[in-house]
Amino acid sequence: MSLTMVRTSHELEKEVRDLRDKLSKYEDGQNGSESGVNASQMRSPSTYTPDSGPAPILVAGEAAATTALIPDTAALTTVPSIELPQEMPLVNTSKPKPRTMGSVQLSVQEIDELFRIFFRDYHPHLPFLDPEIHPSAYFESCELLFWAIVSVAARRFQHNPTLLPQLSRHVSDLVWNKVRILPSSKGIVQSLVLLCSWPFPTSSTATDTTYLLSGVMMQIGIQLGLNRPTTPEDFTKFTVNLTPYEYAERVRTWAACCIAAHSVSVGCGLSFSHHMNDWCLGVPVVAAGPSEMHESLKYQLRIEKFHNRVTQALSMNPTDTAGLLPTRERLPLYKVLEQDFYELETQAINISVANKCRLYAARTHLHAFTLFDEADSPGFEDRIIKLYESAYSQIEHVLECDQQGRRVFETYPFYSYQQFVAAPFILLKILSNSHFKRLLDEAAGRKVLNSSISALRRSSVANNDLPGRLSDVLAYFVTLSNPEAFGGTTPSDLSLSVRTRLSHSIVYDSLWIWRRNFGRTLVPQDDPFDVVPQFMDVEDFDHIFGFDASADFFTWPGTTPR
């Protein structure tokens, strides 16, 4: 018996030595070759991808030998495994080379050009990535992040106008493939930030996935502990010693997450399920140089916190079906929130053009709740005039920036378009009301409205996408021979039927009026406002995420026109 046991022990020791030798040879071979694994491969016990998070280390051909050393797993609840940290350094360890995904083939020169376009035109709106990192390093760290950057830059890529619709199907499939693989990684979160900020075009609010993806993005970020950068070990099974750069990167990524997710919720007129007052959003970044949080991110966080205070204060009434406080209770809150806005405005020192536009949109967000007030409440007329002035100033400032060659409407995030589009509908609603029209400069208001329609057309990426379609609806209302059919004749006619979409209820209420009274008739394609040459049609993006791009943009399943 003892001889058998000794022989078995020797055999086991020999097998262990053999495995160690093989592992050593394998690691030596890996160090001498190009690193990086195809991130599109499904994770398996013998395949580790940089953006797939922890995975057990198993060498090909050794799985059977290793299994012989592991007891029968039927009697175990868990099997110990070796896990690697999720933080993969963004270091370029391979030569630049062409990349292919499905039918999309990009040369090294095209990749370099697309990355230059992204960091020059789009990244300044949400500066949370490192422009010094090479495209190949981004690909090796996270394949989805690489293609997300390419997709954003391809929105107006003149050298290949068909690149964006080609990417839409493959990148969308890659998103869902990566999201369902656990554990996730910081690179996936960063990818979703970009795809929520600059999504693929769609013609329907019902098929707009930005709000859905923003929720997934926030949940993954919390599960990874990005909101707790000082204690990453609480969310892993291994010791994590973050460098100052890695720590700052996690803080920037979480800040960008919150900015994108909350901006999307404001733009959609839907509630935000997370807290913007998390202590992490105010934590100082300890690193110096390029790893510090950009001042633009800091100010965007202040703006989104203001958005959140407005929404929480005015629309969180559990006794009202729309969640709104009674008018008499909102009146004193308006004054308090206006004071908060003035304090936010005093901090606007040397802020970017994009943040200045967001600041104007934040004021419109606050004053838009006036449309829920009772018409006979004290000061109603003054508040409506103030709302008009806020929306007018917002449009005027954005148009002025765009005319200065800032290309605001061509490059700003999709949620900025959503926050902008409420302003011309507010102007149109008030100008179309015969009671308020006599108190305002109608000619100046109509001029700004026409300019905003042209601006929305410039925001359009594909024919018949949401900015293009909403600009057509807005143009139809502007050209009505009887404006009172839209705005009414008395102050009480400004009341909205849609009251559950927060500050964007005006947009959805206007769309219901259009559907109910004017059907599907749109401005002809050769109208004087159509000044934007288009290179693709939204039909090219058909069935992205499994949806039909030709679906009516305001038809929801089970609903009928009111």
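**Entry 1: H9 against H10**

I began with the pair H9 and H10 (residues 295-314), whose axes come within 10 Å and cross at roughly 40°. I note H9 as oblique to H10, because the crossing angle is roughly 40°. The handedness of the crossing between H9 and H10 I recorded as left-handed. From the H9 side, I listed Arg252, Ala255, Ile259, His262, Ser263 and Val266 as making the contact, and from the H10 side Leu297, Gln300, Leu301, Glu304, His307 and Asn308. I keep in mind that this is a predicted model.

**Entry 2: helix H20 and its surroundings**

Next I looked up H20, which covers residues 505-518 and has 14 residues. From its first C-alpha to its last I find a reach of 19 Å, which is close to the 20 Å expected at 1.5 Å a residue. I then asked how many of the 14 residues of H20 are buried. The count is twelve, so I describe H20 as largely enclosed by the rest of the structure. I wrote down the buried residues of H20 as Ser505, Ile506, Val507, Tyr508, Asp509, Ser510, Leu511, Trp512, Ile513, Trp514, Arg515 and Phe518. As to what covers these buried residues, I found that the cover includes helix H9 (244-268), along with helix H15 (414-431), helix H18 (466-478) and helix H19 (484-487).

**Entry 3: Arg330**

I turned to Arg330, which lies in helix H11, residues 327-346. Is Arg330 buried or exposed? I have it as buried, because its relative accessibility is 1% and the cut-off for buried is under 20%. Its side chain, I noted, reaches the backbone oxygen of Phe372 at 3.1 Å. Setting aside residues up to four places away in sequence, I listed Leu314, Leu324, Leu325, Phe369, Phe372 and Asp373 as the residues that Arg330 touches.

**Entry 4: Arg99**

Last I looked up Arg99, which lies in strand S1, residues 99-101. With a relative accessible area of 8%, Arg99 is buried. Which residues does Arg99 touch, not counting those up to four places away in sequence? I listed Val104, Gln105, Leu106, Ile111, Ser136, Phe139, Phe146 and Trp147. For one of these, Ile111, I also looked up the separation from Arg99, which is twelve residues in sequence and 8.3 Å in space, taken C-alpha to C-alpha.

Notes: Residues numbered from 1 in each chain as written. Predicted model: local features only at pLDDT ≥ 70, side-chain atom pairs only at ≥ 80, totals over all residues. Heavy atoms only, no water. Helix = DSSP H or I, 4+ residues; strand = E, 2+ residues; numbered from the N terminus. Expected span 1.5 Å × (residues − 1). Buried < 20%, exposed > 50% of the residue type's maximum accessible area, 1.4 Å probe, protein only. Contact = heavy atoms within 4.5 Å. Polar contact = N/O pair within 3.5 Å; in protein donor to acceptor, adjacent residues only side chain to side chain. Axes fitted to C-alpha atoms, helices over the stretch in contact; angles between N-to-C directions. Parallel < 35°, antiparallel > 145°, perpendicular 65-115°, else oblique. Left-handed = near helix turned anticlockwise from the far one by under 90°.
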